[in-house]
Amino acid sequence: MDIPPLDLAMKSRTAQVLERCVACGACAEVCPMPGPAGIDASDPGKLTEGILTILRGGEHADAARWAAVCSGSGHCIPQCQYGVDPRFMLTMARLEMASRNPDDTRRKTGFTGFGSMTTGVRVLSKLQLPPELLARFRPEHEPAAPPEIVFYTGCNLMKTPHIALLCLDIMDALGVRYQVMGGPSSCCGILQFRAGDLATSGRIAYRTIDRLREAAPRALSWCPTCQIQLTEVVGPAKADDPLDMMPIVKFLGERLDDLRPLMVHSVNKRVGLHEHPGVAGVTESAQAILRAIPGLDFVDLRQPRIGYHCSQLGALPGVKSQAHREQLEAAEAAGVTSLAGIYHACHREMCSHERDWPFEVVNFLELLGESMGLTRPDLFKRLKLMQDVDAILAEAAPMIETHHLDLDEARAIIAKDMLGEQPLALGRG
């Protein structure tokens, strides 16, 4: 069966939303974002009707604002009784608004965003890893036997490569046969999609889905953006051969009985979890893994669960910085020794707060790895804690020389993509 271009597929699915949605408002009622965004949600049905107005080509200021600040928490999805995915519905509203820009503007926005992301990933990964370790993430680095799964890193995970290496180390310990795919050459197309350039986004996403399916029967994702984009947004357009992909955190949760005998080292730490609910089952799996680590004392910090990772709160920077402060304060009040995050984007934004608070900031896989005797140094955090571009360049000088990186480009990326990602200013004031 021929696969329709992405723009036609999105129009068809939008028509289904318009046909099914009755504007009951159940999705708006449970959404955590209208309040922080200053949107009047006293009549949730009216707010939902506004989204339908946008999808029909009209205007609605409050609904447009709601769509713009959607953090993808997913609380809305099980609330709909009419066969609509409300998160997808708001995605289509954002797409409709982006599509009203001129074609050349959309293409340029997508191209610029993709280029910026590609440069950041390339430079930051090479500042941290030598060529032989980076080679583990190239598609040609295949297992001797046919892989059981393909581990899809997405793009930005490689800015914090110690997390990616821990994923591989843990799968090696489990005896999983895997192939790695990811990076800008196998992107999910999200940046072009957000810009409204569906022609380019569709080509990229369809090609990536085909490559993942061809590599192994099942794919494991790391990035929640990629998981949602390829399975919830783009994937249904290829319904003749859907992509079987699940988050690797859920996969490890399902393999917890196999992991337990490998957790031979006691991790005597009191740990709180920085979590996001957007991809169902991930938080629960991470908690189950932490609770299973010998010696580890898990503390539920009971923070508001919004977004599918911290980057999704970018439309409301004040809300994001306040959420980070409340998370740090809750961790301190609970007396944790470790604040563990799940996702790479959250780690980049939170790790440097370790300087000012009485606990370490880690990825939860570091704690699992510690219990298994697996360690990977967090070089991103070590560099970011320096808080000085020249000091970071000096520390990374061997890698800069090894990879023949341009010094001015490296300086710019450190300033923007490392030190510049600091939603909540450092310090306790």
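Helices (H or I, at least four residues) and strands (E, at least two) are DSSP runs, numbered from the N terminus. With that in hand, welcome to a predicted model, in which local features need pLDDT of at least 70, side-chain atom pairs count only at pLDDT 80 or more, and totals for chains, interfaces and linings use all residues. Residues are numbered from 1 along each chain as its sequence is written, and side-chain values use heavy atoms, with hydrogens and water left out. Val-123, found in helix H7 (residues 103-128), is a handy place to begin. From there we visit an open sheet, some helices and a few ring contacts.

- At 1% relative accessibility, Val-123 counts as buried (buried means under 20% relative accessible area, exposed over 50%, and partly exposed in between, with a 1.4 Å probe and protein chains only).
- Leaving aside neighbours within four places in sequence, Val-123 is in contact with Leu-405, Glu-409, Ala-410 and Ile-413; contact means heavy atoms within 4.5 Å.

**The open sheet**

- If you trace the order S2-S1-S3-S4, you follow four strands that form an open sheet with parallel pairing. Two strands pair if DSSP finds at least two bridges between them.
- At the edges stand strand S2 (178-181) and strand S4 (245-247), each with a single partner strand, so one side of each is left without a neighbour in the sheet.
- From one strand to the next, the twist averages 30 degrees. Axes are lines fitted to C-alpha atoms, for helices over the stretch in contact, and angles run from 0 to 180 degrees between N-to-C directions.
- S3 and S4 run parallel and are joined by three bridges; Leu-220 stands opposite Met-246 in S4.
- Helix H9 (residues 161-174) packs on the sheet and touches strand S1 (149-152), S2 and S3, with its direction at about 160 degrees to that of S1.
- H12 also packs on the sheet, touching S1, S3 and S4, and its direction makes about 155 degrees with that of S4.
- Four bridges link S1 to S3, and these two strands run parallel.

**Helices worth a look**

- Helix H4 (residues 44-55) has 12 residues and reaches 17 Å from its first C-alpha to its last, close to the 16 Å expected at 1.5 Å a residue. The expected span of a helix is 1.5 Å times one less than its number of residues.
- H4 is mostly covered, with nine of its 12 residues buried; among them are Leu-47, Ile-51, Leu-52 and Leu-55.
- The buried residues of H4 pack against helix H1 (6-20), helix H2 (26-30), helix H3 (34-37), helix H5 (61-69) and helix H6 (86-98).
- Just after H4, Gly-57 takes a positive phi of about 100 degrees.
- Helix H11 (residues 198-215) has 18 residues and spans 25 Å from its first C-alpha to its last, close to the 26 Å expected at 1.5 Å a residue. Its buried residues include Leu-198, Ile-204, Tyr-206 and Leu-212.
- Helix H12 (residues 224-233) is mostly covered, as nine of its 10 residues are buried, including Cys-226, Gln-229 and Glu-232.

**Rings and charges**

- The structure holds two aromatic pairs. Rings of Phe, Tyr and Trp (its six-membered ring) pair if their centres lie within 6.5 Å; planes under 30 degrees apart count as stacked, over 60 as edge-to-face and the rest as tilted.
- The rings of Trp-222 and Tyr-343 have centres 6.4 Å apart and planes at 80 degrees, so this pair is edge-to-face.
- Trp-222 lies in the loop between strand S3 (218-221) and H12, and Tyr-343 in the loop between strand S7 (338-341) and helix H17 (344-350), so the pair ties together parts that are 121 residues apart in sequence.
- Trp-222 and Tyr-343 are both buried.
- The rings of Trp-357 and Phe-359 have centres 6.3 Å apart and planes at 35 degrees, so that pair is tilted. Trp-357 and Phe-359 are buried too.
- The charged end of Arg-428 sits over the ring of Trp-357, 3.6 Å from its centre. A charge sits over a ring if NZ of Lys or CZ of Arg is within 6 Å of the ring centre and within 35 degrees of the ring normal.
- Likewise, the charged end of Arg-13 sits over the ring of Phe-88, 3.7 Å from its centre.
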